[in-house]
Amino acid sequence: MRRTRRLLLLAILVILVVVGVAFYTQKRLQQASAPPPPKVLPPDTSAAAEYWSWSHTQQGKPVVEVRAANYRQIREPSRFDLEKVELRIFDKDGKNYDEVRSAFAQFDIKKGILYSEGEVEIKMSLPSGKAPGGRLINIRSSGVTFESKTGKAYTDKPTTFTFDRGDGKCVGATYDPELRELHMLSAAEVNWQGKTDKAEPMKIEAGDLLYKERDSVVLLGPWSRFTRGGTVLDAAASVVFLKEGAIDRVEAKEARGTDQRENRRSEYAASQVYMTIGNSGEIEKIEGEGSAKLVSTSKVARTTINTDRVDLYFDTASGGSALRTATAKGHSVVESAPRNGAGQTSPSLTRVLRSEVIEMTMAPGGREIAAMETGARGTIEFLPGSAAQRRRKLDADKIHIDYAPGNRIRELRASNASTETESKPKGGKKQPPVLTASKDFRAIFDPPTGKMVRLEQWGDFHYEEGERHGRAERATLEGDRNIITLDQSARFWDPAGSTAADRIILDQESGDVTAQGKVASTQLPDSKKTTAGPLSSGQSVQALAQRMFVTGRNRYVRYEGDAVVWQGGNRIRGDVVQIDRQQRVLKARGNVVTQFIDQPADNVAAAKKPRSPMYTIVRAPELEYSDETGTAHYSGGVQLNRSGIDVKSAELNAMLVQGDTGSRLDKAVADGSVRIVHSARGRTRTATGEHAVYSTTEEKVVVSGGSPLLVDSKRGSTSGTQLTWFANSDRLLVDGREDRPAVSRILRK
C-alpha cells in the first residue's frame, strides 16, 4: 500500500507536470496568436481607424465620396482628421467625377466641409476624361476648403492650374464643379494654347479672373493684360470667348496695346477693343471703338491714326499676325510725320489726312504701308519740314495714296479735287495762296525726300493766285521748277489782261507767262501813261499769234508766229512782235505790216460829212518804236500805202500823234531809194529821190536828195534839188540851184 501510494503520487506528479507543460505551452501559443490590445486613445479622440470612407448619395446616385488611409474622430471641435485623403465629387449623372487628393485633411461631416492645409491636387472629369475643349484638367494648391454638399473648393493660397490648352496660376481661387466655374481671385495668369500645338500661346493676366467652362467664357477685371510674342494689350475689364477650348475673341475696355516687330512698333488704344483669334492662334482682327488711336513707328516715319472706330485685319497665312489693312471710321485723322535723320536726305513734309472713312493697306509682311484711301470726301495737308517748303492742302471726294518702301509717299490720286498751296513771301510780304480745282488729280513724289515732283490735274481745271486766274482742260505743275502748264482750251487772266491758247505756261517764281498754239491775248490799257505810239495805252491791246511770252511781271510781251497785234483800228503784223510796257518800246520783225486808221480833217469833221475809214499801211522787215522819240522806225526795205499814195524806201520813220480813237500817222520820213507813187482821178505821179517827207495833214510830199524826179502821167516830168507837191490841191513846187536848175518836160496832147 505504501509502495502503491508512492506510485500514485508519482503518477499524479507526472500528470501535473504534463498538464502544466501542456497548459503553459498552450497558453504561450494562445498568447502568441492573440491580437495586441488596442492603443489608448488621446483624450480628445473618440475614435480612430484605418481605411476609412464616407459617401453621400441622392436619388440613388453618388454625390460625394471621401476616402482616407487613416481616420481619427475629434470630439471638440467635432471633425475627422484624415490622412492620404481622396475626395470624389460626382457630376449629375454620377458617372464622372472630380478627384481631390491631399496628404492630410480635416473633415467636418455635419457641415460637409473638408479642409487641407497642405498641398492639394484636383483632377477633373475622371475616369472618362471627356469634357468640352478648354476644360480644366488639374488644380494644385494648399489651404483648400471643400464643401462636400456642393463640391465647391476655395483657397487664398498660391494656386496652379492645368488646362487641356494651357496652364495658369494665381493667388486665391474658388472652384464650383456644379457650374464648372473657376475663379482666380488675384494675380491671375493663364497661358492659353491655340487650336494647334504649334501655335504660340497667349498669356492672359488679370487682377481677377472668372473662367466659366460651360459658357466658354473668361471674365477679367478690374485690369487685364494679353501678351503674345511682341503683341501686348492692356485693358480694364475684359471678356475672353472660347471656341473648342481655344481663344476665339476678346472684348476689352479702355484698352491700350503695343506690337513690336523687327524695325516697327505699333501702338493702339480705344475705349472698347474687340480682338478675333484665328485657328492658328494668331490675331485675325482687332476692332477699336471710342477715341480709337493707332500709332505705327518705323525707321523713317511715325504714322498716327485717330478715329471713332478702327478695324485692323491681319494676315495669318505665314504663321504670324501681320497687319494687312486698317480701316478708320468716323472723324478719322491720319498723320504721317517723318523721322528726319533716319534715312531721309532732307527734311520731309508731314502729311495729315482727314476723312470720315480711311483705309490703309499694308505691304506683305505688315511692316510698311502700301496704300491709303478715303471712303468719303477728305482732305490731306502737307506741312513743311523746313522754311524752304510750302504748305499744301488737297480737298477731294476720294483720295488714294501709293507708298514706296520705307513708308515714303510715291503717288497721290484724287477725284473732284481742290488744292491750296502756300506762296513764298516776296519783299517781306505775304502772298496769296495758289488755288486749283479739277475733276481728277495726280501728284508724283520723290520718295527719298518726300518732295512733290509733278502734279497733274485734268477735267475742267481752274486756277487762282490772288488776281491771277486760269482755266484749262488739263494742267501740270513741275514741283522743283514751280511751273504750271495749262493744256487744251487754256485761258489765263489778271488785271493786266487775258490770254487764251492751246497751252499756257505759268512760272510761279518769276511770274512769267508763255502761251503756245492759237494764242489770243488782250492786254488792258495802262491808265497811268498815255502815249501816241503804234499801240497807245488808252485802249486795250489785242493779239493773235502762235506763241506769246510775258516776262518781268507783265513788263515784256513778245508774240511769235504770224503775230497780229491791234488796238482799235490800228494793227501790227509780223513774225515777231514784242512790247516793253515799262520803257514804252515796241519792236517787230519778219514780214512786218502796220495799219493805222486816219481821222477826218477838221474841216471835214466840222461839215459832218461821213466817209469811209482811211488806213495807212506800212510793210517792212523790221519795226522799232520808242515813246521817247514818238517815232516808228521801219527798216530793211519799206513800203507805205495811204489814200492812193505808195511810198517805197530803204528806211522810213513814221511820226505818230494821238487821236480820239488811237494813234494815227502824222508824218512819214523816207530815206534811201525813195519812190513815191500817187494815183488819183486817172492820173499817176511818181517821185523818186533819196529822201522824202510825207505830211498826212496837208497831203504834202517833199522829195530831196540824189536827183529828185517827179513824173506826171499827164503833164510830163520835173526834176530839181527838191520837189514839193500837194496831193489834194494838185500844186507842185520845184526848187533848183544855180548849178542845177529845175527842169520840166511837158507832155502835149
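Let me begin with a turn: strand 4 and strand 5 form a hairpin with four residues between them, and G112 in that turn has a positive phi of about 70°. Strands here are DSSP runs of E with at least two residues, numbered from the N terminus.

Before I continue, please note that this is a predicted model, in which local features need pLDDT of at least 70 and side-chain atom pairs count only at pLDDT 80 or more, while totals for chains, interfaces and linings use all residues. Residues are numbered from 1 along each chain as its sequence is written, and side-chain values use heavy atoms, with hydrogens and water left out.

Strand 4 and strand 5 (residues 113-126) run antiparallel and are joined by eight bridges; two strands count as paired if DSSP finds at least two bridges between them. Within this pairing, R101 has E121 in strand 5 as its bridge partner. Strand 4 (residues 97-108) also pairs with strand 3 (residues 79-90), again in the antiparallel sense, over ten bridges. There, F80 is partnered by F107 of strand 4. The hairpin of strand 3 and strand 4 has six residues between the strands, and G94 takes a positive phi near 75°.

I turn now to salt bridges, defined as a side-chain nitrogen of Lys or Arg within 4 Å of a carboxyl oxygen of Asp or Glu. The whole structure contains 47 of them. In one, R88 meets E99, with the closest N and O atoms 3.7 Å apart. R88 lies in strand 3 and E99 in strand 4, so the pair ties together parts that are eleven residues apart in sequence. Are these two residues buried or exposed? Both R88 and E99 are buried, that is, under 20% relative accessible area, where exposed is over 50% and partly exposed is in between (1.4 Å probe, protein chains only).

A further salt bridge joins K329 to D311, at 3.9 Å between the closest N and O atoms. This pair links distant parts of the chain, K329 in strand 19 and D311 in strand 18, 18 residues apart. K329 counts as partly exposed, at 37% relative accessibility, whereas D311 is buried at 3%.

The side chains of D234 and R225 also form a salt bridge (2.5 Å, N to O), and R225 is partly exposed, with a relative accessible area of 32%.

Finally, a network of salt bridges links D402, E411, R413, R442, R454, E456 and E478.
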